[in-house]
Amino acid sequence: MNVTIIGGSGFVGTRLVKRLLDSGYTVKIADKRKCVAYPDLWVRCDVRNAPNETNEFPESLTDAASAPGKDEEAKKAMPIHSLLEVLQGSDVVINLSAEHRDDVTPKSLYDDVNVHVHGNENVLAACTTLGIHKVIFTSSVAVYGFSPVGTDETGEINYFNDYGRTKYLAEGKYREWLKKDASNCAVIIRPTVIFGEQNRGNVYNLLRQIASGRFPMVGKGTNRKSMNYVENVAAFIQWCVEHDVSATEIPKQVRNDGHAELVSASSCGKLSLFNYCDEPAYDMNHLVLDCYKALGKPKTKLFHFPYWLAYCGGLCFDLLAFVTRRKFAISSIRIKKFTQNTYFVGNNIKKTDFVAPVSLEEGLRRTIDYEFVQKVEGHTFSCE
């Protein structure tokens, strides 16, 4: 089977490529940046182009953060290929590409890459032209916003930022695509935060603070956080490649603009929707205590800073960022995220025979050992 992974040079993509190659698949990586681990499988492509276009675009903030100084190197290494060239001969297309940072500038990039004429519409148009009928798309639980504890796939759509908004709109493009051909199959996966070795996202920043011994525990610490170890996410995407997933009926949901939309499986093509959340989920107290244990610094008690004090500090950093035009690791929204319950449930996965290969506790231990005990140096990935 021939599989093309759009965004395959990134954190999840690199793990997924390894799994697919080990299982005997023929894999192609379509990405703006060269894949460090599998350069021979890489073809330079930009989803902002229409299916037959090969235009160059300025570097985005996500690009610069994920691989500083590599934009010109990628351009010199290979010219842009069109989506039609890259996807030719694919049996399955996996779309991992997205602008995923909290602070993307300009904000139009969210629409350009994640949903609008540039992005998912272009990928699906190319698939239609080439007769490719199975596409797997990684969305995000950000579509639910600050949702009730235990939100599953039937949860209310209530995004609060451009990332969640454009991910949900992108999902709509796949539902529209299903109506064009009864043989089309779309799998939409909404993962929670993903961590693992070599990642430089929010979870890494948390682990680094804990490892430094200068970690400020904010709030009571009883809020629960859904997290995913990267190997498990890659394993589930592979499972979706290998299985003819039955369509999952999704009841009526309500967007945060107040309009209802029926998003049940299409009567034409086949739609499957999954939250991906490793279980059992940690609360912050147990997460931090397990981190200290993995570091060889076991603790039984934690000192807690009041939420209101930390939030006021975040507002001060917001003001400082506005005045200085700089970006800081601390902000009011990040303080709010840290203390919120972000516990989701993947009920549709529970109806399948998929079993995550690594426990969440073991994934955390592996990551801490790699990053802060062994302190392995090498290529890293930046995502939030």
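This is a predicted model: local features need pLDDT of at least 70, side-chain atom pairs count only at pLDDT 80 or more; totals for chains, interfaces and linings use all residues.

Student: Which residue of strand 5 is the bridge partner of Asn95?

Tutor: Asn95 belongs to strand 4 (residues 92–95), where Asn95 and Val93 point one way and Val92 and Ile94 the other, all of them buried. Strand 4 pairs with strand 5 (residues 134–138) in the parallel sense over three bridges. The partner of Asn95 there is Phe137.

Student: How many bridges join strand 1 to strand 4?

Tutor: Strand 1 covers residues 2–6 and runs parallel to strand 4. Val3 stands opposite Val92 of strand 4. The number of bridges joining strand 1 to strand 4 is four.

Student: How many residues apart are Phe195 and Tyr229?

Tutor: A search of the whole structure gives 16 aromatic pairs. Phe195 and Tyr229 form a tilted pair, with 5.7 Å from centre to centre and 50 degrees between the planes. Phe195 is in strand 7 (residues 193–195) and Tyr229 in strand 10 (residues 227–229), so the pair links distant parts of the chain, their separation being 34 residues.

Student: Is Phe354 buried or exposed?

Tutor: Phe354 forms an edge-to-face pair with Phe236, at 5.1 Å centre to centre and 70 degrees between the planes. Phe236 lies in helix 9 (residues 230–242) and Phe354 in the loop between helix 13 (347–350) and helix 14 (360–373), so the pair ties together parts 118 residues apart in sequence. Phe236 has a relative accessible area of 0%. For Phe354 the value is 13%, and the cut-off is under 20%, so Phe354 is buried.

Student: Which residues do ring pairs link into a cluster with Phe236?

Tutor: One member is already known from its edge-to-face pair with Phe236, namely Phe354. Ring pairs link Phe236 into a cluster with Trp239, Phe274, Tyr276 and Phe354.

Student: How far from the ring centre of Tyr343 is the charged end of Arg224?

Tutor: Two arginines can be listed here. Arg200 lies over the face of Tyr204, 4.0 Å from the ring centre. The charged end of Arg224 sits over the ring of Tyr343, and its distance from the centre is 3.9 Å.

Student: What is the area of the nonpolar surface patch that includes Leu309?

Tutor: Leu309 is in helix 11 (residues 307–324). Leu309 counts as partly exposed because its relative accessibility is 42%. Together with Phe303, Phe305 and Trp308, Leu309 makes a nonpolar surface patch of about 480 Å².

Notes:
Residues are numbered from 1 along each chain as its sequence is written. Side-chain values use heavy atoms; hydrogens and water are left out. Patches are made of residues with over 30% relative accessible area and no salt bridge: like charges are joined within 9 Å, nonpolar side chains (Val, Leu, Ile, Met, Phe, Trp, Tyr) within 5 Å. Accessible areas come from the Shrake-Rupley method with a 1.4 Å probe; for residues, only the protein chains shown count as cover. A salt bridge is a side-chain nitrogen of Lys or Arg within 4 Å of a carboxyl oxygen of Asp or Glu. Helices (H or I, at least four residues) and strands (E, at least two) are DSSP runs, numbered from the N terminus. Buried means under 20% relative accessible area, exposed over 50%, partly exposed in between (1.4 Å probe, protein chains only). Rings of Phe, Tyr and Trp (its six-membered ring) pair if their centres lie within 6.5 Å; planes under 30 degrees apart count as stacked, over 60 as edge-to-face and the rest as tilted. A charge sits over a ring if NZ of Lys or CZ of Arg is within 6 Å of the ring centre and within 35 degrees of the ring normal. Two strands pair if DSSP finds at least two bridges between them.
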